[in-house]
Amino acid sequence: MKTVFVTGASGMIGIAVTEALLEKGCKVIGTDSKPNQFIDSPNYSFVEAQIEDKDNITNVLNGSKIDVLVHLACSVDNDFPAVLTSAEEKTSAAVDKYLYKAAVDAGVGDIILLSTYQVYASQKTREPIRETADEKPATAYGKMKYDSEKILSKIVTKSASCKGVIARVCPIYTKEFTDNLRAKVYDPKEGCSFIYGYGDYGYSFCCLYNLVDFINGIINVASGINYQGVYNVCDSKPIAAKDIVETLRQAHKIGAVVQRNLGSEGIKGIFNFGGGAAKNDYRYNDISTACSNISYDNTKAQRISAFRWKLSNTK
């Protein structure tokens with residue numbers, strides 16, 4: 001039975017990961033600033049603490065013989081809001097400063113970091129983005145996570161026994177959690193939903209349960225397989241804008257939808273991109289690239305899990 005330490009255990013992603021790990025027979029230690037529904041469950045223990053509380057978190061790492069650290073805290077859709085503040089960036093930096101080294105020093109065998117697709121540089125082609133693509137984050141969240149990646153990589157490189165896994169995750173969704181989906185078809189300035197043409201263009205997303213399966217796969221990978229490194233974690237196919245609109249409509253989460261022509265709006269978006277909203281809002285929709293069909297290649301991650309979930313069968 002492996003012992004897994006989950007940070008951000010009471011967030012949406014943390015709850016789903018914890019539930020799956022317990023079902024797989026793992027012993028789970030969770031930490032967050034608020035409790036969750038697993039307290040008093042068999043094989044589960046909980047430490048209520050702020051993630052930047054170095055002494056408290058380090059004591060858990062040193063006293064529990066942990067096999068895997070799953071670092072979900074300091075993440076959008078789990079702990080942080082979509083619009084980052086300097087306080088949240090400072091929190092993440094403070095955690096990076098001690099957490100990975102403390103885990104390695106405590107003998108943790110694997111560290112899984114929840115990162116983001118936003119670490120990649122702007123792409124000039126429509127080829128799917130692979131893990132070898134250039135990194136040059138243009139958003140505050142992308143930079144924050146890229147800094148975290150670099151610190152983790154530096155520390156595990158020096159370790160003879162600890163492996164690091166970086167999951168660059170596309171925006172999360174479930175049947176109930178549709179904020180990221182809605183952001184791609186909603187104009188907050190106009191206060192309405194919209195679609196360009198017939199909505200045949202698409203966006204890369206990640207069903208929450210594909211992420212959960214991937215984390216489970218890393219934790220239970222067969223011995224002898226070299227699995228450390230960077231992974232794009234996303235659905236196998238982008239989701240078309242028209243399918244987003246139809247899904248939200250069926251769930252009564254969208255009203256009237258305005259049909260637009262990209263034309264002048266795309267040009268306007270190019271000149272507007274780079275402002276405060278574009279940099280700080282995780283869900284900012286760059287109109288200039290709305291119909292570019294930018295996608296991410298998850299071939300490497302498919303060696304770990306099946307990626308069986310999609311918009312039509314999510315729960």
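These legends accompany close-up views of a predicted model. Local features need pLDDT of at least 70 and side-chain atom pairs count only at pLDDT 80 or more, while totals for chains, interfaces and linings use all residues. Residues are numbered from 1 along each chain as its sequence is written, and side-chain values use heavy atoms, with hydrogens and water left out.

**View 1. The largest nonpolar core and helix α6.**

**View 2. The surroundings of Phe214.** Beyond its neighbours within four places in sequence, Phe214 is in contact (heavy atoms within 4.5 Å) with Val165, Ala167, Tyr231, Val233, Ala301, Ile304, Ser305 and Phe307.

**View 3. Helix α1 and its cover.** Buried residues (under 20% relative accessible area, with exposed over 50% and partly exposed in between; 1.4 Å probe, protein chains only) of α1 include Ile13, Ala16, Leu21 and Leu22. Among the elements covering the buried residues of α1 are β1 (3–7), β5 (110–116) and α6. Just after α1, Gly25 takes a positive phi of about 90°.

**View 4. Thr289 in the segment after α9 (276–280).** Thr289 counts as partly exposed because its relative accessibility is 32%. The C-alpha atoms of Thr289 and Ser122 are separated by 10.0 Å, although these residues are 167 residues apart along the chain.

Notes. Core = buried A, V, L, I, M, F, W, Y, C linked by side-chain atoms within 4.5 Å. Helix = DSSP H or I, 4+ residues; strand = E, 2+ residues; numbered from the N terminus.
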